[in-house]
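Subject: Structure handover

Hello,

Here is the structure I promised to pass on. Please open it alongside this email, and my notes follow below.

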Amino acid sequence: MEIWEAAYIAGIIDGEGSISLTRMHEREHRRPCISIASTDKELLIYLQSLSGGTINNKKNYNPNKHKDSFTLNIKNKEAVISLLGFISPYLRVDKKRKRALWILKKYEEVTPRNGK
């Protein structure tokens with residue numbers, strides 16, 4: 001990934017994304033997740049080509065007033081940690097930067113080996 005691409009993704013995550021720990025199944029530990037919501041599917045397809053993940057359509061209950069919206073979810077632990085390693089120096093929102101750095105430094109320490 002080029003430096004400018006990492007900075008671009010960081011800006012999009014600062015504005016429209018979230019960095020979190022999400023539980024996929026009831027009995028497992030939380031795992032890192034990055035999600036980005038947008039009404040521009042072309043943007044999400046581009047981000048998906050750089051980082052992986054899946055794009056989901058959101059249900060539009062009022063198409064007369066609202067555009068269709070989409071969400072890119074990156075839930076693969078290795079993909080999330082790799083992406084956070086590239087973008088963390090460029091994140092400007094303090095809360096998101098601190099969360100990214102915490103995941104990079106502490107997630108492996110506090111999660112049992114198999115994630116269960």
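**How the helices cross**

Helix α1 passes α2 in a left-handed crossing. Please keep in mind that this is a predicted model.

Two packed helices are described by the angle between their axes and the distance between the axes. Here the axes of α1 and α2 come within 12 Å. They cross at roughly 130 degrees. The two helices are therefore oblique to each other.

Which residues meet at this crossing? From α1 they are W4, E5, Y8, I9 and I12. From α2 they are L43, Y46, L47 and L50.

**Helix α1 on its own**

Helix α1 covers residues 3-16.

Several residues of α1 are buried: E5, A6, I9, A10, I12, I13 and D14.

A10 is worth a look. It lies in helix α1. Its relative accessibility is 0%, so A10 counts as buried. Setting aside neighbours within four places in sequence, A10 is in contact with I87, Y90 and L91.

Now turn to the strands. Four of them form an open sheet in the order β1-β2-β4-β3. The pairing is antiparallel. The edge strands are β1 (17-22) and β3 (54-57), and each pairs on one side only. From one strand to the next, the twist averages 25 degrees.

- β1 and β2 (residues 31-38) run antiparallel and are joined by six bridges. S20 has C33 in β2 as its bridge partner.
- β2 and β4 pair in the antiparallel sense over five bridges. I34 has I74 in β4 as its bridge partner.
- β3 and β4 pair in the antiparallel sense over four bridges. I55 has L72 in β4 as its bridge partner.

**Strand β4 and its cover**

Is β4 mostly covered or mostly uncovered? It is mostly covered, with five of its five residues buried. In a regular strand the side chains alternate between the two faces of the sheet. In β4, F70, L72 and I74 are on one side. T71 and N73 are on the other. Both faces of β4 are covered.

**Helices across the strands**

Helix α1 lies across β1 and β2, running at about 80 degrees to β2. Helix α2 (residues 41-51) lies across β2, β3 and β4 (70-74). It runs at about 10 degrees to β4.

Last, find S88. It sits in the loop between α3 (77-87) and α4 (94-110). Is S88 buried or exposed? S88 is buried, with a relative accessible area of 8%. Leaving aside neighbours within four places in sequence, S88 is in contact with R97, A100, L101 and L104.

Best wishes

Methods: Residues are numbered from 1 along each chain as its sequence is written. This is a predicted model: local features need pLDDT of at least 70, side-chain atom pairs count only at pLDDT 80 or more; totals for chains, interfaces and linings use all residues. Side-chain values use heavy atoms; hydrogens and water are left out. Two strands pair if DSSP finds at least two bridges between them. Axes are lines fitted to C-alpha atoms, for helices over the stretch in contact, and angles run from 0 to 180 degrees between N-to-C directions. Contact means heavy atoms within 4.5 Å. Buried means under 20% relative accessible area, exposed over 50%, partly exposed in between (1.4 Å probe, protein chains only). Angles under 35 degrees count as roughly parallel, over 145 as roughly antiparallel, 65 to 115 as roughly perpendicular and the rest as oblique. A crossing is left-handed if the near helix is turned anticlockwise from the far one by less than a right angle, and right-handed if clockwise.
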